[in-house]
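Reader: Before we go through this model, could you set out your answers with the cut-offs stated, so that I can follow each one against the coordinates?

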Amino acid sequence: MKRLLLPLMLGTLLFNGAARAGDHLWARGLPDYSQGYDETRDPAKDLLAATAKAQQEGKQVLLLVGGEWCSWCQEMNRFLDREPELAQQFNRTFVVVKVNVSKQNKNESFLKDYPEYLGVPHFYVLDAKGKLLESFNTGLLEKGKSYDEARFGKFIGYFQHQDARS
């Protein structure tokens, strides 16, 4: 029995760790700062890297404020995983930077430069140079217990038509 218990416990820890690390289909192949809400990351450094990438690729930057503890943040991941065409459109339009807000790290010094948000997840859309274009409450994209494909698509479409290099 003891011989089975240790491998079982190790396997459980490894599986749970991978699930928490933000292993989502929509974010595969994206930079680390697009993966999970990591309280140890420096969002200012991540933003610097993201704006360089956005300028190179002609995209906007989307700061996705939230946390691993947030049920709507996790639902957004599941929603984008279920909607691969929408996820592709999302990734063609934005360089996504996940900014953690949690009891352990609220990233207040970074977020003080942006308008106050009322809840998470919350989007801050920036141009490729890092200038704020829009502060957006994602509650407007919700439908029932998930997100609305048409609303999410309209949100993305609006920013597809803006000049990312402004």
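Reader: Which residues does Glu 75 touch, not counting residues up to four places away in sequence?

Author: This is a predicted model, in which local features need pLDDT of at least 70 and side-chain atom pairs count only at pLDDT 80 or more, while totals for chains, interfaces and linings use all residues. Residues are numbered from 1 along each chain as its sequence is written, and side-chain values use heavy atoms, with hydrogens and water left out. Taking contact as heavy atoms within 4.5 Å, and leaving out residues up to four places away in sequence, Glu 75 touches Arg 82, Lys 145, Ser 146 and Tyr 147.

Reader: Is Glu 75 buried or exposed?

Author: Buried means under 20% relative accessible area and exposed over 50%, with partly exposed in between (1.4 Å probe, protein chains only). Glu 75 has a relative accessible area of 10%, and is therefore buried.

Reader: With which side chain does the side chain of Glu 75 make a polar contact?

Author: A polar contact is a pair of N or O atoms within 3.5 Å; within protein, one must be able to donate a hydrogen and the other to accept it, and residues adjacent in sequence count only if both atoms are side-chain atoms. At 2.6 Å, the partner of the Glu 75 side chain is the side chain of Ser 146.

Reader: Which residues of H2 are exposed?

Author: Helices (H or I, at least four residues) are DSSP runs, numbered from the N terminus. The buried residues of H2 are Pro 43, Asp 46, Leu 47, Ala 50, Thr 51 and Ala 54. On the other side of H2, the exposed residues are Lys 45, Leu 48 and Gln 56.

Definitions and conventions: Helix = DSSP H or I, 4+ residues; strand = E, 2+ residues; numbered from the N terminus.
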